[in-house]
Amino acid sequence: MENMLHLAPCHASVPDCFVVPPDQLPAAASAAVSLPVVDMSGSRNEVCRAILDAGKEFGFFQVVNHGVSEQLLQDMEAVCDEFYELPAAEKAHLYSEDRQRPNRLFSGTTYETGGHKYWMDCLRLALTSPAGASASEWPDKPQRLREVFEKFAVRTRGVGMELLRLLCEALGLRPDYFAGDLSGGDVILSINRYPPCPDPSAALGLPPHCDRNLITLLHTGPVHGLEVLYGGDWIKVEPVPGAFVVNFGLQLEVVTNGMLKSVEHRVTTNPTLARTSRAIFIQPKEDCLVGPAEEFLGKDNPPCYRTVAFGDFRRMHGVVKLGGSSSLNLTTNLKDIQKDIR
């Protein structure tokens with residue numbers, strides 16, 4: 001628990017294990033740019049087209065009028081803050097550096113990085129089916145944590161599944177293409193806390209990476225931090241109140257045979273303000289074979305990616321080889337990583 005950043009009253013300097021070498025620190029972002037905002041209350045055809053257009057251009061977009069109530073989002077924000085404000089002794093049993101443990105509190109990274117860390121703390125929880133079975137293993141403090149977290153996870157996953165159905169219509173896939181094993185893995189809820197950093201030029205909250213799952217929905221507050229690679233430049237994401245930031249994962253890139261891309265993103269730090277984000281990751285089951293859909297293959301469109309089990313892919317993608325010029329870049333070249341899967 002002594003490694004948890006948020007437990008320290010303040011940090012006078014950035015410890016060496018968090019320092020990004022100057023030659024490896026990504027370039028500063030350009031001016032803030034608003035991602036496309038998709039209003040889910042619009043006509044179905046309009047929403048389908050907007051999702052596909054935004055996905056093709058940015059790989060990211062924000063959604064409003066998504067059906068998750070403002071009260072639930074406010075409750076979620078409040079409970080997350082209450083959790084991180086708990087005394088260390090009341091959450092010490094949650095701390096673990098075992099990356100295979102489904103429910104844990106940890107600091108620094110979700111990847112195997114050989115010791116390098118990033119400026120964040122994370123409470124990561126897994127929700128299996130039936131939901132109540134796994135939620136019973138979640139923290140029981142603050143008092144309403146389980147109730148609020150489970151409701152948020154279930155309803156946010158519902159938004160994600162509706163987005164996938166809309167995307168199917170836009171792509172010409174059958175509406176239930178992503179139902180079943182392709183989206184049936186554990187739903188991962190990550191509560192990331194980025195404390196104030198004494199030197200934001202020296203550390204990152206998260207390095208450039210692509211999500212290895214199917215689709216991600218992120219709810220965040222007004223503090224900037226998320227940046228997306230667009231047109232060769234980093235752009236700051238302007239949070240829209242009450243919106244979810246949505247991005248496509250690497251498995252969606254595989255299914256569409258590269259028509260849709262999983263786009264690099266990173267998190268920067270702030271010298272004075274803490275930032276908390278709440279993310280839902282929808283992913284396949286471990287033994288689910290993921291490959292390009294037949295609808296994206298043809299004489300002039302051979303498969304760009306192999307069909308591999310998601311669990312094998314996830315394990316390969318979880319290792320970051322540090323020390324080279326790309327040591328802070330977690331972006332996966334899908335073809336290269338698939339070559340390493342036997």
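**A walk through the sheet and its core**

Start by selecting Y194, which sits opposite R275 of strand 12. You're in a predicted model, where local features need pLDDT of at least 70, side-chain atom pairs count only at pLDDT 80 or more, and totals for chains, interfaces and linings use all residues. Numbering runs from 1 along each chain as its sequence is written, and side-chain values use heavy atoms, with hydrogens and water left out.

Now widen the selection to strand 5 (187-194) and strand 12 (275-282): they run antiparallel, joined by seven bridges. Strands here are DSSP runs of E, at least two residues, and helices are runs of H or I, at least four, numbered from the N terminus.

Next, show the whole open sheet: eight strands in the order 1-2-10-7-12-5-4-3, with mixed pairing. Two strands pair if DSSP finds at least two bridges between them. At the edges are strand 1 (37-39) and strand 3 (104-107), each pairing on one side only.

Pick helix 4 (145-171) next. Helix 4 lies across strands 2, 4, 5, 7, 10 and 12.

Then colour the largest nonpolar core, 66 residues, where I51, F61, F149, L163 and F178 have the most contacts inside it. Such a core is a set of buried (under 20% relative accessible area, 1.4 Å probe, protein chains only) Ala, Val, Leu, Ile, Met, Phe, Trp, Tyr and Cys residues joined through side-chain atoms within 4.5 Å. Helix 4 gives the most to this core, with 13 residues.

Finish on L163: leaving aside neighbours within four places in sequence, L163 is in contact (heavy atoms within 4.5 Å) with M40, I51, F61, V63, I215, L217 and V246.

Definitions and conventions:
Buried < 20%, exposed > 50% of the residue type's maximum accessible area, 1.4 Å probe, protein only. Axes fitted to C-alpha atoms, helices over the stretch in contact; angles between N-to-C directions.
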